Amino acid sequence: MEKAWKIVLFSCLVVSFLASSSAQTCLTQTFSNNKRYTNCSDLPALNCFLHWTYNQTAETVEIAFRHTGTTSSRWSAWAINPAGPRMQGSQALVAFVNSSGVAHAFTTSIDSMGPSMQQSVLSFDVPSLSATFENNEMTIFAVLRISGNLLSTSQVWQEGPVTNDRLGTHPIGGANLQSTGSVNFLTGQTGGSSSGSRTRRRNVHGVLNTVSWGILMPLGAITARYMKVFKSADPAWFYLHVACQSSAYIVGVAGWATGIKLGSDSPGVTQNTHRNIGIVLFCLGTLQVFALLLRPKKDHKYRFYWNIYHHSIGYTVIILSIINIFEGFDILQPDDKWERIYIGILIFLGIVATLLEAFTWYIVLRRRKTGSSDKHSHTMNGATGLNGYGATGQGV
């Protein structure tokens, strides 16, 4: 049991490391006005982040562009450019700290390679625009009223020096040449970035749950059912079973938590069947963890009832997991190849389980037959008085 807990602890550490290394910074960011946005993206250059919410009814995009690690002597800008991921033609939002110490935001249209960076109107309406500078972070808040052809467009962001309220030219090397990408305000997808958008979170949610509940859980059940028939595999099968199921539970809880977060960030969007099955799976999976902690010894009088409890919940979890994964495919609607790949994995596991089931019954029946023959031979020997060499046990 001590080895099993070491395996569980190691699994927890690995999963925690992977989760922390892949976490998006923008998901942890907050704003002084307590504003929350539906989507966010870690932009790949200049320590910048974009948050936004698209209002389809009003045809507006509410955005918050944050530039971290800057100073009051630098300006920050974010822009969209329907002509492509470049500076010329960009419709920009610019902010800097003026000589009065106040963050000032304005709009400007970049119409040449040597822009004046003076205030000018954009090709679309900006009903609201403001900026804050706190803790070496410049944040631009804006509401954009854009047409349908700008819902999927290129984005550009930059930073440069400020001297006496005059905006200087930004550097033309390094990260400043990498600060371009694309954004789809409707779907939440971004390009050229390590996206923390809703679409990416939905994909992460799907992958975590498919791997954990849909693959590791059945694999752990197969390990327990078919390995323990081999006496030489005891207790290795138990440790493998614990490692597999514990890893599945830990990764599955991470996927479940991602789903809960997605639900809270998507008001008005409900997936009742998928959500309810997910909650049931979390509860049953937690019960299985307690089953490990409360597992009685083999000769205990309650071991029979524990086995019924453990096996029933285990197979229920596997069945519900597979159902819910296909519910998730219907919601995410990924490329058909991903669903076909998962179906292929299920077919493979099913074939392996079928072959192992047949082999297991062969082993069991052969042992029963051997045991019955040995018992019959022992009975005959006792009745005739013959010893192992065919002679009577009486004295000669």
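**Exercise 1. Is Asn136 buried, partly exposed or exposed in this predicted model?**

Step 1. Start with the number: Asn136 has a relative accessibility of 43%.

Step 2. Hold that up against the cut-offs, where buried means under 20% and exposed means over 50%. Asn136 therefore counts as partly exposed.

Step 3. Now find it on the chain. Asn136 sits in the loop between β7 (125-134) and β8 (137-145).

Step 4. Have a look at the backbone too. Although Asn136 is not a glycine, its phi is positive, at about 60 degrees. For background, most residues other than glycine have a negative phi.

**Exercise 2. Which loop holds Asn164, and is Asn164 buried or exposed?**

Step 1. Asn164 belongs to the loop between β9 (152-163) and β10.

Step 2. Its relative accessible area is 71%, so Asn164 is exposed.

Step 3. Check phi here as well: for Asn164 the value is near 50 degrees, which is positive in a residue other than glycine.

**Exercise 3. How many disulfides does a search of the whole structure find, and which parts does the pair tie together?**

Step 1. The search turns up 1 disulfide.

Step 2. The partners are Cys26 and Cys40, with their sulfur atoms 2.2 Å apart.

Step 3. The link of Cys26 and Cys40 has 55 degrees about the S-S bond and is right-handed.

Step 4. Cys26 is in the loop between α1 (2-22) and β1 (39-42), while Cys40 is in strand β1, so the pair ties together parts 14 residues apart in sequence.

Step 5. Finish with accessibility. Cys26 counts as buried because its relative accessibility is 2%, and Cys40 counts as buried at 4%.

**Exercise 4. Buried, partly exposed or exposed: what are Cys48 and Cys283?**

Step 1. Cys48 has a relative accessible area of 1%, so it is buried.

Step 2. Cys283 comes in at 42% relative accessibility, so it counts as partly exposed.

**Exercise 5. Where does UniProt place the feature "transmembrane region"?**

Step 1. Read the record. The unreviewed UniProt entry puts this feature at residues 204-224, 236-257, 277-294, 306-326 and 341-365.

Step 2. Pick one of these spans, residues 236-257, and check it in the model. The span is 100% helix and 0% strand, and its end C-alpha atoms lie 32 Å apart.

**Exercise 6. At roughly what angle do the axes of helix α4 and helix α5 cross, and why is α4 roughly antiparallel to α5?**

Step 1. Locate the two helices: α4 covers residues 272-293 and α5 covers residues 303-332.

Step 2. Their axes come within 9 Å and cross at roughly 150 degrees. That crossing makes α4 roughly antiparallel to α5, because angles over 145 count that way.

Step 3. What about handedness? α4 passes α5 in a left-handed crossing.

Step 4. Sort the contact of α4 with α5 by class, and you have 13 nonpolar, 11 polar and 1 charged residues.

Conventions:
Residues are numbered from 1 along each chain as its sequence is written. This is a predicted model: local features need pLDDT of at least 70, side-chain atom pairs count only at pLDDT 80 or more; totals for chains, interfaces and linings use all residues. Side-chain values use heavy atoms; hydrogens and water are left out. UniProt positions are given in the numbering used here, feature names are shortened, and annotations may be inferred rather than shown by experiment. Helices (H or I, at least four residues) and strands (E, at least two) are DSSP runs, numbered from the N terminus. Axes are lines fitted to C-alpha atoms, for helices over the stretch in contact, and angles run from 0 to 180 degrees between N-to-C directions. Angles under 35 degrees count as roughly parallel, over 145 as roughly antiparallel, 65 to 115 as roughly perpendicular and the rest as oblique. A crossing is left-handed if the near helix is turned anticlockwise from the far one by less than a right angle, and right-handed if clockwise. Ala, Val, Leu, Ile, Met, Phe, Trp, Tyr, Cys and Pro count as nonpolar, Asp, Glu, Lys and Arg as charged, and the others, Gly among them, as polar. A disulfide is a pair of cysteine sulfur atoms within 2.5 Å. Buried means under 20% relative accessible area, exposed over 50%, partly exposed in between (1.4 Å probe, protein chains only).
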